[in-house]
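Open the model in your viewer and keep the selection panel at hand.

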Amino acid sequence: MREILKAGRHLLELINEVLDLSRIEAGKLALRMEPVALDELIDECVTLVEPSVLRQGLNLSRHVAPCINRRVLADRLRLKQVLLNLLTNAIKYNRVGGEIQITCDILGNGRVRISVRDSGPGLSPQQQAELFTAFHRLGRENSAIEGTGIGLVISKRLVELQGGAIGVDSQVGEGSTFWIELPEAESANENPDAEAGSAARTEEDVGALPPAQARRHKVLYVEDNPANLRLVEQILSRRGDIHLLCSEEPMRGLEMARTEQPELILLDINLPNMDGYEVLQRLQADPATRAIPVVAISANAMPVDVARGLEAVSWPI
């Protein structure tokens, strides 16, 4: 039962992140730009990850004095999401008894840099080049460390939408430092039109949706096992903004994908008459469904199955 719940939570996390990325890529994510107190936000994030830090036997330190009483112009909720992602990665990809350090620096160009440094294995130049690629876990796909391979991609998009930048400095064997740069709220306010311009960019370029349209997100699940269908229905019932469509037959699933245009497709591999790989090929070959993200849901999780699945993935970015 514990493993089922763990898998369910991981599935829900994956679905949430794919939906986030889908909304961002479609220009349908609305941001609320406002002055955000960095020291308070960092404190909140540290409090949330402290239990994981203790479980891993890590030491977390903060050097954020320059940011006390400083504010950046950002969407508070989304900036918190990015910081938590960086901190969670620093915990997961660290060594036993390792360190995590959060620092904050005021740059000379009216921008603030927040850095999260870990004492993990570090990243090669090739890994750094592939870091912000969706569903790419840099060779850790078969490790015991859970992850979706989407978090950093979402973080990059969110930071850039807020007028900032994100990057990494790393060397193999010496750990990694992920950093975010954002404009100071005070600097933005020196130009009376800056904050209004940011809001206008959010409404126009990010594409805020009216509440009536933003309530429900369609997810299509193609699965012939009734027990699996019930499990996913139960998991997604916790999200009131998701409308789950189900098909037990692959041809019907392809038809529903074309007519219903879901934002995400969950796809079983072992289906009657047509396996999941052929369904994926047909989805990718059809201009009407080519851009819909597809996530495989399968008990086929051996390394050879994972490798075949990764080869079949085509993400429209």
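Start by selecting helices α2 and α3: their crossing is right-handed, meaning that the near helix is turned clockwise from the far one by less than a right angle. Helix α2 covers residues 38-55 and α3 covers residues 76-92; their axes come within 10 Å and cross at roughly 40 degrees. Axes here are lines fitted to C-alpha atoms, for helices over the stretch in contact, with angles from 0 to 180 degrees between N-to-C directions. Helices (H or I, at least four residues) and strands (E, at least two) are DSSP runs, numbered from the N terminus.

You are looking at a predicted model, in which local features need pLDDT of at least 70 and side-chain atom pairs count only at pLDDT 80 or more, while totals for chains, interfaces and linings use all residues. Residues are numbered from 1 along each chain as its sequence is written, and side-chain values use heavy atoms, leaving out hydrogens and water.

Now show side chains between the two helices. Among the α2 residues that meet α3 are Leu41, Cys45 and Leu48, and the α3 side includes Leu79, Leu83 and Leu87; contact means heavy atoms within 4.5 Å. By class, this contact has twelve nonpolar, one polar and three charged residues (Ala, Val, Leu, Ile, Met, Phe, Trp, Tyr, Cys and Pro count as nonpolar, Asp, Glu, Lys and Arg as charged, and the others, Gly among them, as polar).

Next, select Leu38, Val72, Leu79 and Ile180, which have the most contacts inside the largest nonpolar core, a set of 44 residues. Such a core joins buried Ala, Val, Leu, Ile, Met, Phe, Trp, Tyr and Cys residues through side-chain atoms within 4.5 Å; buried means under 20% relative accessible area (1.4 Å probe, protein chains only). Zoom in on Ile180: its contacts include Val82, Leu83, Val112 and Val159, not counting residues up to four places away in sequence.

Val159 takes you to helix α5, where Leu152, Ile154 and Leu158 are also among the buried residues. Eight of the eleven residues of α5 (151-161) are buried, so the helix is largely enclosed by the rest of the structure. After α5 comes Gly163, with a positive phi near 80 degrees.

Finally, select the open sheet: four strands in parallel pairing, ordered β9-β8-β10-β11, where pairing requires at least two DSSP bridges between two strands. β9 (242-247) and β11 (294-296) are the edge strands.

Conventions: Buried means under 20% relative accessible area, exposed over 50%, partly exposed in between (1.4 Å probe, protein chains only).
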